[in-house]
Amino acid sequence: MDRTGCSSGASDRRQTEESKPLLGEMSAPEGNKMGAAPCRRAPLHCNGMRYKLLQEGDIQVCVIRHPRTFLSKILTSKFLRRWEPHHLTLADNNVASATPTGYMENSISYSAIEDVQLLSWENAPKYCLQLTIPGGTVLLQAANSYLRDQWFHSLQWKKKIYKYKKVLDNPGRWEVVLKEIRTLVDMALSSPLQDESIHQAPLEIVSKLLSENNNLTTQDHESIIVAIAPLLENNHPPPDLCEFFCKHCRERPRSMVVIEVFTPVVQRILKHNMDFGKCPRLRLFTQEYILALNELNAGMEVVKKFIHSMHGPTGQCPHPRVLPNLVAVCLAAIYSCYEEFINSRDNSPSLKEIRNGCQQQCDRKPNLPLRLLHTSPDLVSQEATVTESRTKPPIVTSNEIHVEMERTNTANQKMTANAGNDSEPNLIDCLMVSPTCSTMSIELSAQADRILGCYVEILKMLSDYDDWRPALASLLQPIPFPKEALAHEKFTKELKYVIQRFAEDLRQEVHSCLLSVRAGKDGWFQLYSPGGVACDDDGELFASMVRVCHNVHILMGSCYKTKKFLLSLAENKLGPCMLLALRGNQTMVEILCLMLEYNIIENNDTQLQIISTLESTDVGKRMYEQLCDRQRELKELQRKGGPTRLTLPSKSTDADLARLLSSGSFGNLENLSLAFTNVTSACAEHLIKLPSLKQLNLWSTQFGDAGLRLLSEHLTMLQVLNLCETPVTDAGLLALSSMKSLCSLNMNSTKLSADTYEDLKAKLPNLKEVDVRYTEAW
């Protein structure tokens, strides 16, 4: 592909590059003196042609030695020239051939190349460029003008970078070095080569220069940062340069360079970085930059404005990587505050030691164990005999850690283990733990305390954005903090705001993250429950977490009325629920009543404790009486009997069904048809009160996934179910796997998938008749 006019333009650029002095001859431009604010430099190339930097390629090579005799002059004439095909590689130091024979038997060092020119005279070889070397000339012939120019610019770039590396390896006066750095930056900005390494190579050269010269003044620091600022607009700084930036943030947090130069760099890191694990120094630089902002006069207000600038003015942040990167920075910073305590506990190398080379095992301090005292039933009697020295929270230092924390895990395990026995320990008594044992007092240094306060405030800011809250809740669901932080009263008290924001959010994907991420692991729900290590408010936050589930009116979206949720509470947090109900909390009273109504608690002694708790308050007594009335009505319904088959008229609604079922006795109802009515999932609350129901027809209704999940928990004896032309999806149909008695299932014209169908067939052994026509599984 021949591009006319490229030769002259490239030649002009070559002459411009060649005419630039390499060291000490270029004067600093006005308005860009050392320490001045960074100026944005536009690329200097005049045309729009862009090239990719060549690292290797095929090209024709011919070497012409300078003629010294008449015979050599004849041999080098153009009629006797011999061209050799070579695959050349542009290495960092030289040009070499993959087949070192003939003209390219020896590589050509960049230092030996005196000049690189395009052949433009008349009768010159087509698409050729020449390298002037001592004793002769090397001609390179490409296939077209574009490749020729690409080779020309790549050779020019490699040659210049090689020279700058050599010059800056032995710096003299820093004024001269600064000029050379500016010239290097201008060369990168003006190059027609379009490659990531074009901007990274100068940054790496400067990074190496700074790492080998630690005696620079603050003025030198700022001058170098200003000089390389244009290259940082679209490139991440190398690791060593990040260390240099971190040092500047720590030593000069109020410098204007932090605001004017580092801000766009950090913004780019947060928007585009994909993995801080591969480049931890980028995270450290971001961390130090935010701390530098916090050191300004306005403090956290400046940090808040920065977070807002990262989110953007709209209700939805357009950059999906910003939140995960900010959270990663916060978690690492909070971890660093407790790093000294953690290393004293587990004898593992610190991040600082990892960076500096971990010390030998024999030189490390001996292990200092972290003792966790679990709850025992005898604790209450021991509480009265505690000595006066135990009334104060233990002070923990980096030299010695003795932590005494009260947890209810052991009590919960005993409750589960004794579920089949006739008695179990008094759960309310197990909760009466000493406040002095539920937390530990950690003495952080002043610097660590400032870091902790700054980054916990950032987590609070992040939780205030509605669009970020679901992802933030998901990231914090595994509780990614060290146990020292969770036992630190100041930290858990400050973090409580974030958990409260999660609890107040009515979206299921947010407040469901308050539960544990998997079975056997504590979640925020457990940590902030009465008796939990982070609870300091007598269970107010815990009650708020449960209350939000109560206030969500979308049935089964996350409603606490589900058996699974109630079973989880009964197994893990029955004691806290009883304690709060004893104090008159209406939400907990409702939960205890539902546990009794759905037979969640099988142990008789525990049931009696719950009843005693309910009768201890006015609200509990009233709700328990209503529960007893409902139970009596259910028993009366079963005793009276009634019809075995019932069909509702078409166009009937949920209210019509509720009115009908409350008007008579349907204890013997086995077959109910709601086909072609307008009932929805809301009628499931009435259907689960039909104990004898075996056949249910919901053909062409608006009965959805939420109602289907509720039916699957209560109507386990259902044998025939017709869901034809209902809006149910895989989310609800999967719940049918618990209805082992199903013999006939009609899922015609639903959103059933093939995978769900196979799963149902495997889990329903009695299923004999299935209709999946007009579905994906058909």
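In this predicted model, helix H3 (residues 145-169) lies across strands S1, S2, S3 (94-97), S4, S5, S6 (128-133) and S7 (136-141), and its direction is at about 165° to S5. These strands belong to an open sheet of 7 strands, ordered S4-S3-S2-S1-S7-S6-S5 with antiparallel pairing. Strands S4 (108-109) and S5 (115-118) stand at the edges with a single partner strand each, so one side of each has no neighbour in the sheet. Within the sheet, S1 (residues 56-65) and S2 (residues 84-90) run antiparallel and are joined by 6 bridges; Ile59 has His86 as its bridge partner in S2.

Helix H27 (residues 604-614) begins with a contact in which a side-chain oxygen of Asn603 comes to within 3.0 Å of the backbone nitrogen of Asp605. The buried residues of H27 are Thr606, Gln609, Ile610, Ile611, Thr613 and Leu614.

Attention now turns to charged side chains. The whole structure contains 20 salt bridges. One of these pairs Lys496 with Asp536, with 3.6 Å between the closest N and O atoms. This pair links distant parts of the chain, 40 residues apart: Lys496 lies in helix H20 (residues 489-504), and Asp536 in the loop between helices H22 (524-527) and H23 (540-551).

By contrast, Lys761 and Glu758 both lie in helix H33 (residues 754-763), 3 residues apart, about one turn of the helix. An α-helix has 3.6 residues a turn, so residues three or four places apart point the same way. The side chains of Lys761 and Glu758 meet in a salt bridge of 3.5 Å, N to O. Lys761 is partly exposed at 40% relative accessibility, and Glu758 is partly exposed at 44%.

Notes: Residues are numbered from 1 along each chain as its sequence is written. This is a predicted model: local features need pLDDT of at least 70, side-chain atom pairs count only at pLDDT 80 or more; totals for chains, interfaces and linings use all residues. Side-chain values use heavy atoms; hydrogens and water are left out. Buried means under 20% relative accessible area, exposed over 50%, partly exposed in between (1.4 Å probe, protein chains only). Helices (H or I, at least four residues) and strands (E, at least two) are DSSP runs, numbered from the N terminus. A polar contact is a pair of N or O atoms within 3.5 Å; within protein, one must be able to donate a hydrogen and the other to accept it, and residues adjacent in sequence count only if both atoms are side-chain atoms. Two strands pair if DSSP finds at least two bridges between them. Contact means heavy atoms within 4.5 Å. Axes are lines fitted to C-alpha atoms, for helices over the stretch in contact, and angles run from 0 to 180 degrees between N-to-C directions. A salt bridge is a side-chain nitrogen of Lys or Arg within 4 Å of a carboxyl oxygen of Asp or Glu.
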